[in-house]
Amino acid sequence: MKTLIIDVGHGGNDPGATGFQFKEKDWNLKMSLYQYNRLKELSANVALTRSSDETLSATARTNKIKSKYDYCISNHFNAFNGEARGIETIHSIHSIGKLAIDIADALHDATKLPLRRVFNRRNSAGKDWYFMHRLTGSTQTVIIEYGFIDHAKDVAFYRSDENFIKAAEAVIKVLCVYLGVKYQTPKATLYRVQVGAFQSKENANNLVYQLKKLGYDPFITV
Ligand SMILES: [Zn+2]
């Protein structure tokens, strides 16, 4: 089985991008913790660079990743001028970018947010522009920008937990293929409502009778 580390972008005294009173570091953590817990549930071999609002230098961060895992996704939200929006993924100049393309396509399909671009960037020394690619060794790293935290439509989308999970699941599904893990949809949570507790069986039966008259389907447990 292949291994994965989820890098939670920014944190602590580095909030990352901001918009509409939201901080990127918080959304990155929310996204990453969800994906981490789900992948654990699916028995994947997965780790996190941070699990709280912690400051991590580029070196401290990449030391946790460098050549220790097969794959790394680095979770981010973008900001620009309030008009730019949509999904971006970024891969190393040394990669053909298949994982980055697969993630971008899956996110676009699941969220219907615009797919801006999948790209890589070289610095003047001919190395990777982004330290997440330059300093992570043999670990294949993809930076994911889920949307723009300063764009009204992208923010409206991600403010909904249901949509947030849709995006998270789309990425998990792709990662499962690369990790060799069987993907399963999340188990539905059932919220049970209790309407009464009685010492007398007759009183319990009486409430069941009344609830049935109201069209409910009650049952008695002890
Ligand atoms: Zn960021």
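Me: Two residues are in contact if their C-beta atoms, placed from the backbone, lie within 7 Å. Leaving aside neighbours within four places in sequence, which residues is P218 in contact with?

Reply: P218 is in contact with V208, L211 and K212 once those neighbours are set aside. This is a predicted model, where local features need pLDDT of at least 70, side-chain atom pairs count only at pLDDT 80 or more, and totals for chains, interfaces and linings use all residues. Numbering starts from 1 along each chain, as its sequence is written.

Me: OK, and where does P218 lie?

Reply: In the segment after helix 7, which covers 201-213. Helices here are DSSP runs of H or I with at least four residues, strands are E runs of at least two, and both are numbered from the N terminus.

Me: Is P218 buried, exposed or partly exposed?

Reply: P218 has 14 other C-beta atoms within 10 Å, so it is partly exposed (20 or more would be buried, 12 or fewer exposed, with C-beta atoms placed from the backbone).

Me: How far apart are P218 and L99?

Reply: In sequence they are separated by 119 residues, and in space by 49 Å from C-alpha to C-alpha. L99 itself is in helix 3.

Me: Changing topic. How many helices and strands does the protein chain have?

Reply: There are 7 helices and 8 strands. The radius of gyration is 22 Å, well over the 17 Å that the globule rule gives for 222 residues, so the chain is more spread out than a compact globule (the radius is taken over C-alpha atoms, and the rule is 2.2 Å times the number of residues to the power 0.38).

Me: What does the C-alpha trace span along its principal axes?

Reply: About 85 × 40 × 35 Å.

Me: What share of the residues counts as buried?

Reply: Of the 222 residues, 35%.

Me: And what share of the contacts with a separation of 6 or more is between residues 24 or more positions apart?

Reply: Such pairs account for 73% of those contacts in the protein chain.

Me: Back to helix 3. Which residues in helix 6 does it meet?

Reply: On the helix 6 side they are N163, K166, A167, A170, V171, K173, V174 and Y178. Helix 3 brings L99, D102, I103, A106, L107, D109, A110 and T111 to that meeting.
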